[in-house]
Amino acid sequence: MDIRTVGIIGAGTMGNGIAQACAVSGIDVVMVDISDAAVDKGIATIAGSLDRLIKKDKISALEKATALARIKGSARYEDLKSAQLVIEAATENYELKLKILKQADALLAPEVIIASNTSSISITKLAAATSRPDRFIGMHFFNPVPMMALVEIIRGLQTSDATHDAVHAMATALGKSPITVKNAPGFVVNRILVPMINEAFFVLAEGLATPEDIDAGMKLGCNQPIGPLALADMIGLDVCLAVMDVYLTEFGDSKYRPCPLLKEMVAAGRLGRKTGQGVYKY
């Protein structure tokens with residue numbers, strides 16, 4: 001399948017990042033959200049990101065204008081009909097994603113591929129709720145999307161080879177380095193990463209070291225570009241907790257028990273960068 005237009009449901013951090021990556025690579029985009037204000041905010045974020053690339057001499061002003069011209073913002077799902085691939089990029093909530101996917105599935109032509117940008121929810125389960133399980137797949141982009149090379153392509157039990165191959169080729173066309181993953185809670189990267197972050201909270205809760213020293217230890221000792229606690233603040237502590245809850249439920253293994261300190265901080269509204277305070281203050 002020749003994917004010329006990509007529909008994106010959600011104009012937030014992940015949605016607008018995917019939109020930018022597509023537009024810069026020459027793919028037309030229809031970015032949909034619940035309101036014109038949400039869409040306008042997403043497009044403004046993309047414009048700001050492209051301005052930063054201009055300042056770094058990564059792109060020209062003409063390339064910015066060309067990329068933005070490829071993005072159509074809308075509050076109407078009907079505008080997704082022109083896409084050959086529609087990517088759902090809503091909040092990591094099963095019921096919300098299910099509602100969005102059923103709405104899109106009922107609207108789109110049978111040959112259109114639907115992908116979810118979920119980081120932990122079963123692709124097999126989501127696919128089963130649609131009329132096109134063979135044309136349903138996971139595309140897990142990483143934040144910030146324009147900068148991160150990895151895309152996890154997750155095959156549900158029902159995903160066809162043709163769907164996988166089309167999405168793999170499209171991700172490669174974006175300049176990404178896709179890896180193919182079987183469906184399982186957390187897939188590959190987050191299955192390893194989020195429990196490590198959770199363990200960092202246990203270390204912090206036990207008073208073994210300060211947040212700064214925990215992060216410095218992992219950066220200097222494991223060659224990580226950012227420490228696990230600072231990364232948790234970037235991801236969002238609520239997201240980290242939600243992922244750990246999924247693991248605990250799906251695997252039934254106590255090793256995935258969320259750290260009480262992580263739960264306490266989420267209850268306090270200290271979610272990280274997006275609220276101005278998490279482990280660190282911003």
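View 1. At 0% relative accessibility, Tyr247 counts as buried (buried is under 20% relative accessible area, exposed over 50%, partly exposed in between, with a 1.4 Å probe and protein chains only). Before we go on, a word on the coordinates: this is a predicted model, where local features need pLDDT of at least 70 and side-chain atom pairs count only at pLDDT 80 or more, while totals for chains, interfaces and linings use all residues. Residues are numbered from 1 along each chain as its sequence is written, and side-chain values use heavy atoms, with hydrogens and water left out.

Tyr256 is buried too, at a relative accessible area of 5%. Rings of Phe, Tyr and Trp (its six-membered ring) pair if their centres lie within 6.5 Å; planes under 30 degrees apart count as stacked, over 60 as edge-to-face and the rest as tilted. By this rule there are three aromatic pairs. The ring centres of Tyr247 and Tyr256 are 5.5 Å apart with the planes at 70°, so this pair is edge-to-face.

**View 2. Lys125 over the ring of Tyr94.** Here the charged end of Lys125 sits over the Tyr94 ring, 4.5 Å from the ring centre. The criterion asks for NZ of Lys or CZ of Arg within 6 Å of the ring centre and within 35 degrees of the ring normal.

**View 3. Two nonpolar cores.** A nonpolar core is a set of buried Ala, Val, Leu, Ile, Met, Phe, Trp, Tyr and Cys residues joined through side-chain atoms within 4.5 Å. The largest has 35 residues, and Val6, Leu85, Met139, Phe141 and Met170 have the most contacts inside it. Helix α1 (residues 13-24) gives the most to this core, with six residues. A second, separate core holds 22 residues, among them Ile9, Val112, Ile123 and Phe136.

Zoom in on Val6: leaving aside neighbours within four places in sequence, Val6 is in contact (heavy atoms within 4.5 Å) with residues including Cys22, Ile27, Val29, Leu85 and Met170.

**View 4. Phe141 in strand β6.** Phe141 is found in strand β6, residues 136-141; helices (H or I, at least four residues) and strands (E, at least two) are DSSP runs, numbered from the N terminus. Phe141 is buried, with a relative accessible area of 1%. Beyond four places in sequence, the contacts of Phe141 are Met14, Ile18, Ile87, Asn117, Leu150, Val151 and Leu174. Glu152 is 11 residues from Phe141 in sequence, with 6.7 Å between their C-alpha atoms.

**View 5. Gly42 in helix α2.** Gly42 has its place in helix α2, residues 36-55, and is buried at 1% relative accessible area. Not counting residues up to four places away in sequence, Gly42 touches Ala11, Asn16 and Met31. Ile153 lies 111 residues from Gly42 along the chain, and their C-alpha atoms are separated by 24 Å.

**View 6. The two domains.** The chain is divided into domain 1 (5-182) and domain 2 (190-275), with bounds from an automatic or database domain assignment. Their C-alpha centres lie 27 Å apart.

An unreviewed UniProt entry lists "domain: 3-hydroxyacyl-CoA dehydrogenase NAD binding" for residues 5-183; UniProt annotations may be inferred rather than shown by experiment. That span, 5-183, is 41% helix and 22% strand. The unreviewed entry also lists "domain: 3-hydroxyacyl-CoA dehydrogenase C-terminal" for residues 186-282. Residues 186-282 are 62% helix and 0% strand, with their end C-alpha atoms 28 Å apart.
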